[in-house]
Amino acid sequence: MLLREMQAMLAGLYDAPAEHDVHDYLITDAAHAAALQGDAGVPATDEQLLVAEDDEGLGLSLYVDRAVLERLADRCPLRELSDRNLADFCTALEGVSHFHYVVWSAVRSRAVSLLELELQAEVDKYASALRLLLAQRGGRFPGELFERLFERASFAPTLSPEQRARYEEAHRYAARFCRRLEERFLRPRQARPEAMVAQLRAFYRLGRHAKLRHAELWR
């Protein structure tokens with residue numbers, strides 16, 4: 001039920017209720033995920049949101065590789081997030097982020113672009129990891145987190161040029177926004193966590209173009 005707890009964490013952070021339970025849409029078998037996409041191979045990444053839209057509405061499935069979930073079950077990030085499970089945590093959290101944001105937006109009749117989806121997921125990974133680490137370390141700020149998520153990140157070699165460009169752009173904008181969050185709200189002796197949460201919630205509700213402008217121009 002780890003993904004369900006992750007979804008509850010995002011819903012609480014953003015005051016964005018979960019209209020559908022991510023666990024009900026979960027696929028952990030790579031062959032099943034590939035078949036749903038009409039692909040004979042395996043998914044290019046360990047996490048994918050599968051979307052099908054027709055006149056009757058939106059169909060969703062979230063694929064997260066079984067091995068990722070098994071490793072997280074052995075080293076639960078909700079109890080202790082560390083370098084040993086951070087990569088798997090980010091993989092799972094990214095999938096939950098995609099699912100929750102698409103559902104939240106669809107219920108409100110909002111269209112979502114792929115770039116917007118990736119940008120929000122990058123911010124979600126940072127904000128969720130930050131919240132967990134602050135709680136697990138008694139409020140001590142994890143100064144290494146930004147470097148680990150943004151400066152030492154790499155991209156899967158299986159990505160197409162178009163996918164890689166989109167991921168890199170989302171990563172760049174998210175890094176700029178999250179760095180400003182740190183500088184503005186998390187400085188020692190001047191921390192304002194409530195103000196940071198308010199900023200995150202406002203960002204969550206922006207559309208694609210407004211998100212990009214805000215991430216680039218906000219000071």
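Colleague: Does Asp-55 count as buried or exposed?
Modeller: In this predicted model, local features need pLDDT of at least 70, side-chain atom pairs count only at pLDDT 80 or more, and totals for chains, interfaces and linings use all residues. Residues are numbered from 1 along each chain as its sequence is written, and side-chain values use heavy atoms, with hydrogens and water left out. Buried means under 20% relative accessible area, exposed over 50%, and partly exposed in between (1.4 Å probe, protein chains only). Because its relative accessibility is 85%, Asp-55 counts as exposed.

Colleague: Between which strands is the place of Asp-55?
Modeller: Strands (E, at least two residues) and helices (H or I, at least four) are DSSP runs, numbered from the N terminus. Asp-55 lies in the loop between strand E2 (47-54) and strand E3 (57-64).

Colleague: How many bridges join E2 to E3?
Modeller: Two strands pair if DSSP finds at least two bridges between them. E2 and E3 form a hairpin with two residues between them, and Glu-53 stands opposite Leu-58 in E3. The two strands run antiparallel, and the number of bridges joining them is eight.

Colleague: In E3, which residue is the bridge partner of Leu-26?
Modeller: E1 and E3 run parallel and are joined by two bridges. In E3, Leu-26 has as its bridge partner Leu-62.

Colleague: What is the phi of Ser-109 near?
Modeller: Ser-109 is in the loop between helix H4 (86-107) and helix H5 (114-136). At 70% relative accessibility, Ser-109 counts as exposed. Its phi is positive, in a residue other than glycine, and is near 55 degrees.
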